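Hi everyone, thanks for coming.

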Amino acid sequence: MVARLVVAAPSSGSGKTTVATGLMAAFAAAGLAVSPHKVGPDYIDPGYHALATGRPGRNLDAYLCGPDLIAPLFAHGSAGCDLAVVEGVMGMYDGAAGQGELASTAQVAKLLRAPVVLVVDASSQSRSVAALVHGFASFDPEVRIAGVILNKVGSDRHEMLVRDALDESGVPVLGVLRRAPQVGTPSRHLGLVPVAERQPEAVESIAALAAQVRGGCDLDALLALARSAPDLRGEPWDPATGLGESPASPGSSSDAGRAGYPPAGPGRPVVAVAGGAAFTFSYAEHAELLRAAGAEVVAFDPLRDEQLPDGTAGLVIGGGFPEVYAPELSANERLRKAVAELALSGAPVAAECAGLLYLSRELDGKPMCGVLDADARMSERLTLGYREAVAVSDSVLAVAGTRMRGHEFHRTTVEPGAGPTPAWGLHAPERRVEGFVRRNVHASYLHTHWAAEPGIARRFVGSCAP
């Protein structure tokens, strides 16, 4: 099993993303094949991880997918790599509200049997760091905190004071990073600005992070720590096996064959998947499941492309930031009409969050596709959290009664919030129906991870016209 370590922190804002992304970039620059992972449902950090490593950033979410899938999904994503770096979420022991350790960084570290490096913001403390580290290391004996990286250290004397205090804790210091605002990443209403919106600047930021980590961290010790992780038991997740199909033969020479996908060619329906700067939120496993179910997946950019891909028989529009690009999306009238015509023809359309906004009549007063009898606008209220959901209606994604776990994350509202035929019934934090099922369109704010219910991909592809 691949060498691995988890980068965690006592709280959000401590520098997990800085350290994890810097480590990924530094090890990749040293010639290692690095597999990047992120705990939780975050879509933005994996974009930076992918840029740092040249491999897809993948999520490990024990709430959306269940604890039993964490190790198989990790093994699938890290296959063939020399090292895997897993960035945690929030504080190390924070997870799904009111459900103990579920979906926390600590739980994922235990499921992966991985050593943990704790990133501590030392900017306003010295000896207290030792008490904090001792508390985190002793809270759960099954979590192996094997090292500390001190972040935002102000001076040589500050570093000496903290190191002296940590000598008594027994947890080694594996890195010290000074304050470095020049490697900061801009944020806005939902967190960091995605890579797709600032590619040149992001490349420079990641190069600076790699240099900072190389200069301040003991990479040899961190690699040795990662290599100390024991083997994981069980088979890697496979999209074809998840669908109940036999994977392709081991001797296949094509990438598609090795991944368990049917070969591209006639008879495979084209599923268009929205991408570009406005639609950056997606899980890599979704496209893999669509291919394994028999689709030819083709990406397109609603900001630039005036037509859907040739032969489009199904459409998937994931999350992102259409509110930032509402004027540009609205100005692409030819594509908006093509999307509306596709939906009217009865082709399957699956839209999550940003896709829901794009299918509405308008977004902040700008005309959108008009597939749904609903209007969207920005809101001051952040809607954020895990959700228990049940499919209210039969749709191209699921039969009524199908239970799923999902995640909401948006600062927009849609009026009405549900159509005459809703998509989901949600159980928490309050009971309500949400989303739209209309003809073969399924549109909702709810983000789901299809690896938890692979039949979604088969049902969607099966709804595509041959």
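Before anything else, one cut-off: a residue is called buried when its relative accessible area is under 20%, and exposed when that value is over 50%. Also keep in mind that this is a predicted model.

Okay, aromatics. How many aromatic pairs does a search of the whole structure find? Seven. Let me start with Tyr43 and Phe281, which are stacked, with 4.9 Å centre to centre and 5° between the planes. Tyr43 sits in the loop between β2 (34-39) and α2 (44-53), while Phe281 sits in the loop between β10 (270-274) and α11 (284-292), so this pair ties together parts that are 238 residues apart in sequence.

Are these two buried or exposed? Tyr43 has a relative accessible area of 11%, so Tyr43 is buried. Phe281 comes out at 6%, so Phe281 is buried as well.

Now another pair, Tyr93 with Phe139. This one is tilted, at 4.7 Å centre to centre and 55° between the planes. Here too, distant parts of the chain are linked: Tyr93 is in the loop between β4 (83-87) and α4 (105-112), Phe139 is in helix α5 (residues 128-139), and they are 46 residues apart. Phe139 counts as exposed, because its relative accessibility is 59%.

Arg405 lies over its face, 4.3 Å from the ring centre.

Next, the inside. In soluble globular proteins, nonpolar side chains tend to be buried together. Here the largest nonpolar core has 118 residues, and the members touching the most others are Met92, Leu112, Leu150, Leu222 and Leu290. Helix α1 (residues 16-29) gives the largest share of this core, seven residues. If you zoom in on Leu290, you'll see contacts that include Val271, Val316, Trp450 and Phe460, leaving out residues up to four places away in sequence. Apart from that core lies another one, of 38 residues, with Leu329, Leu357, Val371 and Phe436 among them.

Last stop, the cavities. There are two of 30 Å³ or more.

Terms used: Residues numbered from 1 in each chain as written. Predicted model: local features only at pLDDT ≥ 70, side-chain atom pairs only at ≥ 80, totals over all residues. Heavy atoms only, no water. Phe/Tyr/Trp six-rings, centres within 6.5 Å; stacked < 30°, edge-to-face > 60°. Helix = DSSP H or I, 4+ residues; strand = E, 2+ residues; numbered from the N terminus. Buried < 20%, exposed > 50% of the residue type's maximum accessible area, 1.4 Å probe, protein only. Lys NZ or Arg CZ within 6 Å of the ring centre and 35° of its normal. Core = buried A, V, L, I, M, F, W, Y, C linked by side-chain atoms within 4.5 Å. Contact = heavy atoms within 4.5 Å. 1 Å grid on protein atoms, 1.4 Å probe; cavity = no way out; pocket = protein on both sides within 12 Å on 5 of 7 lines; lining within 4 Å. Points joined across faces, edges and corners; volume = space filled by probe spheres on them.
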